[in-house]
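Open the model in your viewer and keep the selection tool at hand. The stops below tell you what to select and what is there.

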Amino acid sequence: MILCAGESLIDMVPENGTFRPLAGGSVYNTAIALGRLGEATAYLWPISRDPFGDLLLRPLSEAGVNTDLCPRTDRLTTLALVTLTGGEARYSFYDEGSAGRMLAREDLSALPDQIQALFAGGISLVPDPCGAAIEALLERDGDRLPVMLDPNIRPFFITDANAYRARLSRLIARADIVKLSGDDLEWLYPDLPPEDAARQVLAQGPRIVLQTGGAAGARAHWAGDTVTAPAIRTTVADTIGAGDTFNAGVLASLRRQGVLTKGGLASITADQIAAALALGAQAAAVTVSRPGANPPWAHEMPDALSD
């Protein structure tokens, strides 16, 4: 299984002048997308016993995601108030003392033998104790398991930029794959063009740095020549969950190609990277074509990319 470790929350999405509660969260969305694509997936994050906790568990169950590593708690579920401007999502978080935020290092269990890769990121990396817990997980298991990291940086959520930059530096150095949007790269290296910023990240140790740019498509920086993949043209409902679904497509493709291992990523080829970018782009295109974080099921993917 691929283990996705990081935040789940309730997105309060605008709808007809009010707000509709939808299950979401960056890492949660990736877990759902992986499960829907037919990949064996596990999830790690505390789930509240409040009614929103049940709302979060249902899609995980429907997608076949294993939740054995999710502790239940009486703390409340994190809420994210979503506003849309031109289809682009912006968020305000209600997170203090929430179920996920209070995840601590001592809550981490030994991982079952079935776990073959780790995915982490999102706002779960920012505050403590949960940020320290996720970092401890990657420190403990990242030497033997391949790690994909997507910080999905939300500047307004970061209260201590220096401390967060230091944590990201440690995590990036440990990761095998790092995915960064244009906004992420601008926050990390405000004085550099995105391409140069991505190469700076690559120089910190990852095998692959994925640079995404919405309609501009995706690029992979690695030991060889840069690999590019165009975005799939579609009518955009909103961008909620687009990058998260892209991550799932990339991970699914790498596993299907047999290279989602430390050794496989060390000897990966340009064609294998291109195939991963293509599946990621196709999955993301389905997600942006409909409201909310609603990743595609395997039967909704083109046969050439879902086999």
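**Before you start**

This is a predicted model: local features need pLDDT of at least 70, side-chain atom pairs count only at pLDDT 80 or more, and totals for chains, interfaces and linings use all residues. Residue numbers start from 1 along each chain as its sequence is written, and side-chain values use heavy atoms, with hydrogens and water left out.

**Stop 1: helix α1**

Select residues 26–36, which form helix α1. Helices here are DSSP runs of H or I with at least four residues, strands are runs of E with at least two, and both are numbered from the N terminus. How many residues of α1 are buried? The count is 11 of its 11 residues, where buried means under 20% relative accessible area, exposed means over 50%, and partly exposed lies in between, with a 1.4 Å probe and protein chains only. Among them are Y28, N29, I32 and R36.

The buried residues of α1 pack against β1 (2–5), β3, β4 (41–44), α2, β9 and α7; contact means heavy atoms within 4.5 Å. After α1 comes G38, with a positive phi near 90°.

**Stop 2: the nonpolar core**

Next, select Y43, I208, L210, L254 and L277. These are the residues with the most contacts inside the largest nonpolar core, which has 97 residues. Such a core is a set of buried Ala, Val, Leu, Ile, Met, Phe, Trp, Tyr and Cys residues joined through side-chain atoms within 4.5 Å.

Keep L210 selected and display its surroundings. Apart from neighbours within four places in sequence, L210 is in contact with M148, I177, V178, K179, L180, R219, A220, F246, V250 and L277.

**Stop 3: helices α7 and α9**

Select residues 242–256 for α7 and residues 270–288 for α9. Their axes come within 7 Å and cross at roughly 145°. An axis is a line fitted to C-alpha atoms, for helices over the stretch in contact, and angles run from 0 to 180 degrees between N-to-C directions. The crossing of α7 and α9 is right-handed. A crossing is given that name if the near helix is turned clockwise from the far one by less than a right angle, and is left-handed if anticlockwise.

Show the side chains where the two helices meet. On the α7 side they include F246, V250, L254 and R256, and on the α9 side they include L277, L279, T287 and V288. The residues of this contact divide into 13 nonpolar, five polar and one charged. Ala, Val, Leu, Ile, Met, Phe, Trp, Tyr, Cys and Pro count as nonpolar, Asp, Glu, Lys and Arg as charged, and the others, Gly among them, as polar.

**Stop 4**

**Stop 5: loops**

Select N16, in the loop between β2 (9–15) and β3 (18–24). N16 is not a glycine, but its phi is positive, about 55°. Then go to N152, in the loop between β10 (147–150) and α4 (161–174). The phi of N152 is also positive, near 45°.

Move on to P129, in the loop between β9 (117–121) and α3 (130–141). A cis peptide bond joins D128 and P129, with omega about 10°. P129 also touches A104: leaving aside neighbours within four places in sequence, A104 is in contact with P129 and A133. A104 lies in the loop between β8 (88–94) and β9 and is buried, with a relative accessible area of 13%.

Last, select D50, in the loop between β5 (47–48) and α2. D50 is buried at 14% relative accessibility. Beyond neighbours within four places in sequence, D50 is in contact with L76 and T77. D50 and L76 are 26 residues apart along the chain, and their C-alpha atoms are separated by 6.4 Å.
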